[in-house]
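Please open the model in a viewer and keep the selection panel at hand. The stops below proceed from one selection to the next.

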Amino acid sequence: MCVGARGERMNVILLGTGVGIPQADRAQSSLLIRDEDVLLIDCGAGAILRLGEIGMSPLEIDTVLLTHLHLDHVADLLPLAKARYLLGEPWLNIWGPVGTEELMRSLQSLYPYLRSIKLDVTEISAGCRFEICGFGVSSASAIHSVPALCYRIEGSRTVTCSGDTEPAASVSELASGSDLLVHECSFPDGFEVTNHTTPAALGRIVSDVGEIILTHFYPQCRGLEEDMARTVEQLSGIRTRAGMDLMSIYASAGK
Ligand SMILES: [Zn+2]
Ligand SMILES: [Zn+2]
C-alpha cells in the first residue's frame with residue numbers, strides 16, 4: 001500500500017477497524033497519524049502486526065494516545081513496549097484517560113523482566129489542550145460504558161477521532177471544522193445500541209467536517225459497511241467512506 005513520505009501531507013492510516021470479536025480482516029482498534037512526526041491512537045490486538053505490514057518499526061512509535069482503556073484499544077500496548085525494549089529502546093510515552101497509569105503499572109508488574117521498561121504515562125481529561133509529537137491535541141468527553149475521550153489532532157490538517165461513543169454533541173463540536181472525522185459506527189441501523197453508534201444517528205448529528213471515515217465495526221456490519229457509509233453521507237451531506245484495515249487517508253486540503 002502507499003503510505004506516503006513523512007511531512008508530505010497529514011496522513012491517517014487505519015491499522016485496526018475491528019472490535020473485541022475477531023474478524024479475519026479487521027484488527028482491533030488502532031490508527032496512525034503521520035505528519036512531521038508519528039502518533040499512534042489506541043493499540044488494540046493486531047496493531048503491531050499491522051505496523052509491520054506497512055513497514056514501520058516499533059522504534060518509530062514512541063508515543064501512544066488512548067481514547068479509553070477497553071481491551072480492544074489497549075491489548076497491544078505492552079507488546080509494543082516490549083518490542084521496543086527488545087530493539088534497544090526500553091521506553092514508551094503513553095497518554096490516556098484517568099486510570100491509564102494504574103493499568104500500565106499493573107500490566108508491567110505481571111512481567112518482572114519488563115519492569116525496566118520506562119513507561120511514561122500522562123493522564124488527561126476532557127477539555128484539555130496539549131501538544132504531543134508536534135500535534136496540537138484537544139480532548140472532549142465521549143459517551144461510552146467507561147470514561148472515554150475523543151481527540152482533535154491538529155497538524156498540517158485537522159483530524160478528529162471519536163474513539164468509542166454514542167453519537168454525542170461533544171464529539172461533533174470538537175470535530176467542527178476538521179478536515180477528517182474518524183468516527184466509530186459499531187452496528188448497522190436496526191440495532192438498538194447504547195455506548196456505540198449506528199449510521200442514521202451519526203448522520204443526523206455530524207456537520208461541518210470535510211470527510212467522515214467509519215470504523216469500529218462489529219461482525220453484524222459485515223457486508224453492510226458501504227450501505228452504512230451511504231446512510232451517513234445522505235443524512236449529513238458529507239462524503240463518507242467505510243474504513244478498512246490499512247486504508248490510508250490523506251486529509252484533504254480545506255473542506
Ligand atoms: Zn472498542
Ligand atoms: Zn470501548
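Contact, as used on this tour, means heavy atoms within 4.5 Å. Axes are lines fitted to C-alpha atoms, for helices over the stretch in contact, and angles run from 0 to 180 degrees between N-to-C directions. Helices (H or I, at least four residues) and strands (E, at least two) are DSSP runs numbered from the N terminus.

This is a predicted model, in which local features need pLDDT of at least 70 and side-chain atom pairs count only at pLDDT 80 or more, while totals for chains, interfaces and linings use all residues. Residues are numbered from 1 along each chain as its sequence is written, chains are lettered from A and ligands numbered from 1 in the order in which they are written, and side-chain values use heavy atoms, with hydrogens and water left out.

**The sheet and helix 3.** Helix 3 lies across strand 3, strand 4 (63-65), strand 5 and strand 6, and runs at about 160 degrees to strand 5. Next, display the open sheet of seven strands, ordered 6-5-4-3-2-1-14 with mixed pairing; two strands pair if DSSP finds at least two bridges between them. Strand 6 and strand 14 (248-250) are at the edges with a single partner strand each, so one side of each has no neighbour in the sheet. On average, neighbouring strands here are turned by 20 degrees against each other, direction ignored. Within the sheet, strand 2 (residues 30-34) and strand 3 (residues 38-41) run antiparallel and are joined by four bridges; L31 has I41 of strand 3 as its bridge partner.

**Helix 4.** Helix 4 lies across strand 5 and strand 6, at about 155 degrees to strand 6.

**The zinc site.** Finally, select the zinc ion (ligand 1). Its protein donors (N, O and S atoms within 2.8 Å of the metal, or 3.2 Å for Na, K and Ca) are D72 (OD), H73 (NE2), D164 (OD) and H216 (NE2), at 2.1 to 2.2 Å. Ligand 1 and the zinc ion (ligand 2) are 3.4 Å apart, with D164 coordinating both. D72 belongs to helix 2 (residues 71-74) and D164 to the loop between strand 10 (158-161) and helix 5 (169-175), so the pair ties together parts 92 residues apart in sequence. Both D72 and D164 are buried.

Key
Buried < 20%, exposed > 50% of the residue type's maximum accessible area, 1.4 Å probe, protein only.
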